[in-house]
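Good morning, colleagues. Please look at the structure before I continue.

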Amino acid sequence: MRPKILYKLFSNLETIKGIGPKNAKLIERLCGKYLLDLILHRPIAYIDRRNSPKIKDLSNNSIVTLILKVDGHTPSFNKRMPYKITCSDDTGQLNIVYFNLRGPYLKKMFPIGSKKVVSGKVEEFNGIFQMTHPQHIADESNLDSVKKIECVYPLTAGISSKIIQKSINSSLAIIDDLPEWIPNDYLQKNNWTSWKKSIYEMHNPNELKEDKEDIYLNRLVFDELLSQQLTVRLIKNKISKLKGNTIKPNGSLLEQLKSHLSFELTDDQNQAIKEISKDQSSPNKMLRLIQGDVGSGKTIVALHSMIQCAENSKKSILMAPTEILAEQHYNTIKLFAEKLKLSCALITASNKKNHNYESDILIGTHALFQDKVSIDNIGLIVIDEQHRFGVHQRILLNEKAGNECDILLMTATPIPRTLELASYGDMDITKIVQKPKNRKPIITKSINLNKIESLKEALTKKLKQQEKIYWVCPLVDESDKMDLQSVNQRVLDIQKYYKDFNVEMVHGQMKQEEKNKIMDNFKSFKTQILVATSVIEVGIDDPDATVIIIENSERFGLSQLHQLRGRVGRGTKQSTCILLFDGPLTENAKKRINVMKETNDGFKIAEEDLSIRGAGEILGTRQSGLPNFRLTDLNVHKSLMAQAREMAIKIVDKDPELSSDQGKSLRLLLHLFNNQVAIDYLKSG
């Protein structure tokens, strides 16, 4: 239940005087329906209007605020000619220019002989400076009404920055400050003001500063990060004390598994197996994330933990984000399970009639937990491509599986350190960086789209050598809005060119049975070229696929390019990734392509991706597993993240139930950033 002190902050916008029903609906579409959503709507830029020179000192293309005397009007006689208002100060003359505005309105706004304050951009035209459509106009007596520094906000159709600013200041005028949750010595050390004062100054700055140096923004960013870090620490603290299953290895099946492996495990894999086995053997619940670069062998590590479960007569569940990936896991694990005389079942929406919940190992999609069937005796849940699951979803999963069940999460998307702290601070983390010893680094090249015919000719040699090719396009169908290649267009072109080879396509809009059949054809060499969308991005493992072409590669993020590239290079043959681009490239696109050509290290690529694109899109699309920060830019505020984490750890160690006076204030902070799930979790015991 929300504390009374927060009722005003969670008022509906329609109830705020001066906003009105129409603007309330527009603001809700933009940032949310509560007063709090509005005041946390951060400006994306600021316009400095403090420059107030005389006309003789003007510089071209500068933004200025001028006090001018209106000397005369020159009406326009056709639509192509502007309406000019001649103005002056004691140093020179300037024209104010309007297009498509009526003369009577402008004469009323600019009476001859009056003095006006105007603010806007000035440009030199035919030797005279002019200001076209000033952004601000006021009488000389109202000079203060023209903001010295003006906020620019993210907007939606029908609403302006002026309306947002006015609505925010109306809201700030009626709310009270909140009890302080940051220790006083910490506030003084950072020269931070109160929560309310910091919000006011963010929207009404007196000076311009870089984000890193803005003490008001930094205070609010720290609040957001502290709320998020406190949430994950409270949950981690609670989970670590939960009684789990004690699942110790007895060696009977694990030794057999090792004898059936046709390859040698890497040092990283062995270390990961050891860490997970230790967690499973503990009487406390396991919550661990395996971060493995593409092709580093996470599945075999997870299989060891499942076999350890089976040695203790407990079931294991592996959940994958797609049916294609679930089926691939099933095909891999089933081979080993059968040799160990263990049962293995695939449970997806496509095979509902054959569901067998009594098997030792159950493999399926997230629909596994949406089924109404109760699954007993679960010792372990493994979730592949965990970045689709956030803290809230992990809590739900934990409760559905039974609190004592161990949870192992896997992702093939290397995560930058800062983002790792933001997203996965509630769990232990294992990294697998090494690739299997027989793998060769993938050669990555970039080719302009205008050389595609030469590329197709060169690929013929690969096809004749019995190698397989992925050809990835960004769209399913041709688009009027985007000049990008679609699989439907490209597959016809490829089929026409390679008449002696079988070419098929796969994309997300197909029925699952059709996708499965096409993937089976590719796997069994009935098809040699697979034209696809990024539906193949995750987990497809075919050692005979040696070439991947990514068309319109300039439109993909770095992490997604790396994931797609990881579909090849899974066998002993040399593999190649071709980044097809349509020039000219933007600076960021050039950076991304150069990084891909320079390194195969997914962890380095992840850090570069964070630097280039920011956290919000780091995983290719905005994923539910990432916190949705309103104020924080993780690339800019790395040091604040570290500080917030440090403080959160100290708070939870000292006051795990948030029952002290500071703890009660911190509960308010959790509500402010929609992290009350942590409070609910504390109450649940």
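Let me begin with helix H6, whose buried residues pack against helix H2 (35–39), strand E1 (45–48), strand E8 (149–152), helix H4 (161–174), H7 and helix H21 (661–672). Helices here are DSSP runs of H or I with at least four residues, strands are runs of E with at least two, and both are numbered from the N terminus. H6 itself covers residues 195–203, and its buried members are Trp195, Ser198, Ile199, Glu201, Met202 and His203. By buried I mean under 20% relative accessible area, with exposed over 50% and partly exposed in between, using a 1.4 Å probe and protein chains only.

A word on provenance: this is a predicted model, in which local features need pLDDT of at least 70 and side-chain atom pairs count only at pLDDT 80 or more, while totals for chains, interfaces and linings use all residues. Residues are numbered from 1 along each chain as its sequence is written, and side-chain values use heavy atoms, with hydrogens and water left out.

What does isoleucine 39 touch? Setting aside residues up to four places away in sequence, its partners are Leu9, Ile168, Ser171, Leu172, Ile175, Trp195, Ile199, Met202 and His203; contact means heavy atoms within 4.5 Å.

I turn now to phenylalanine 581, in strand E21 (residues 576–581). Is this residue buried or exposed? Phenylalanine 581 counts as buried because its relative accessibility is 15%. Beyond residues up to four places away in sequence, Phe581 touches Ser446, Ile447, Asn448, Leu449, Ser553, Glu554 and Ile593. Its C-alpha atom is separated by 38 Å from that of leucine 640, 59 residues apart along the chain.

Finally, the whole protein chain. There are 22 helices and 21 strands, and the C-alpha atoms fill a box of roughly 95 × 70 × 40 Å, taken along the principal axes. Of the 685 residues, 54% are buried. Among contacts between residues at least 6 apart in sequence, 73% join residues at least 24 apart.
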